[in-house]
Amino acid sequence: GTHHLVCQSVLEHFPDDIHPGDVFVTNDPYNGGTHFNDVRVLRPIFADDTLIAWATANGHWSDVGGMVPGSFDVKAREHFGEGLRIPPLRVWSRGVLQRDVARFIVGNTRAPQDNASDLNAQAEATRVCEREVLRLVGRYSREVVTRAFEEVISHATGLLRARVAELPDGTWTTTDFLDSDPALGEGMVPVQVSLTIEGSRLKYDLSGSGPAVSTFMNSTYGATLSGLLAGTKHFFPEVPVNAGLYRAIDVELGPPGTVVNASWPTAVSGFVSGVFEKLVNALFELWS
């Protein structure tokens with residue numbers, strides 16, 4: 001649920017400086033990612049000197065450094081102990097591997113050879129995607145392929161909005177809880193979700209959720225969006241997963257610094273066992 005956000009982050013970090021053969025790497029939760037172990041490899045796809053698409057491969061690396069093996073430090077309060085934070089970096093430049101950059105990344109982990117293999121495998125996966133997209137371009141033309149991209153996206157948006165329009169208008173709210181904030185002792189931490197349907201529009205409001213906790217269970221905006229999309233998709237299985245799904249859903253996360261909208265440098269590696277799980281559970285209750 002975050003590939004589009006990560007692509008946007010690369011475009012923002014490298015405006016007017018993206019070329020055929022470039023490959024970028026990032027795992028930054030504060031720039032559209034989820035947690036540090038989820039390493040994204042992104043390759044721009046050019047046709048007729050025009051950037052028409054991105055090939056992305058997300059892989060969970062078994063270790064990205066930090067205080068403990070596996071990089072899941074349950075006592076972390078800030079991300080500095082959770083492992084290497086990789087902002088968008090160009091690791092292949094015009095087809096040439098930047099070996100010093102690659103060594104820097106994998107050299108800060110406990111399994112550098114394994115992670116070097118993961119990095120190369122993910123890069124090759126994006127190369128396969130590029131090859132197949134360009135094969136379609138060669139068969140049908142760039143204009144036809146990019147038109148098809150937009151049609152597929154628009155189809156998903158229209159399909160979800162049509163399904164939502166069949167449902168009654170209204171607002172429904174539920175709350176699940178993290179067990180506690182270790183720094184505060186007893187007392188559960190709310191993850192509150194309000195679902196509003198108005199015509200064909202669907203909106204989630206999480207602004208009633210609690211402040212970030214002093215452990216690694218927090219979620220950044222990208223990870224939170226991913227949880228909302230995963231929970232929603234469960235109840236609309238016929239809707240394709242692409243940018244059209246995102247366009248049909250409005251999300252209000254509330255102010256930065258909450259458990260669902262954690263800010264740098266809040267610890268976030270355990271979001272998948274914390275906020276993500278609670279969000280999906282809340283959506284199951286709302287939609288059921």
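**View 1. Cys 7 and Cys 129, two cysteines in this predicted model.** Cys 7 is buried, at 11% relative accessible area (buried means under 20%, exposed over 50%, partly exposed in between, with a 1.4 Å probe and protein chains only). Cys 129 is partly exposed, at 32%. The closest cysteine sulfur to that of Cys 7 belongs to Cys 129 and is 10 Å away, too far for a bond. A disulfide needs two cysteine sulfur atoms within 2.5 Å. The whole structure has 0 disulfides.

**View 2. Helices α3 and α4 cross.** Helix α3 covers residues 112-140, and helix α4 covers residues 142-165 (helices are DSSP runs of H or I, at least four residues; strands are runs of E, at least two; both are numbered from the N terminus). Their axes come within 7 Å and cross at roughly 120°. Axes are lines fitted to C-alpha atoms, for helices over the stretch in contact, and angles run from 0 to 180 degrees between N-to-C directions. The pair is therefore oblique (under 35 degrees is roughly parallel, over 145 roughly antiparallel, 65 to 115 roughly perpendicular, the rest oblique).

**View 3. Met 188 in a loop.** The loop runs between β6 (170-178) and β7 (189-198). Met 188 is exposed, with 56% relative accessible area. Leaving out residues up to four places away in sequence, Met 188 touches Phe 177, Leu 178 and Asp 179 (contact means heavy atoms within 4.5 Å). The C-alpha atom of Met 188 lies 29 Å from that of Ile 249, 61 residues along the chain.

**Notes.** Residues are numbered from 1 along each chain as its sequence is written, and side-chain values use heavy atoms, without hydrogens or water. In this predicted model, local features need pLDDT of at least 70 and side-chain atom pairs count only at pLDDT 80 or more, while totals for chains, interfaces and linings use all residues.
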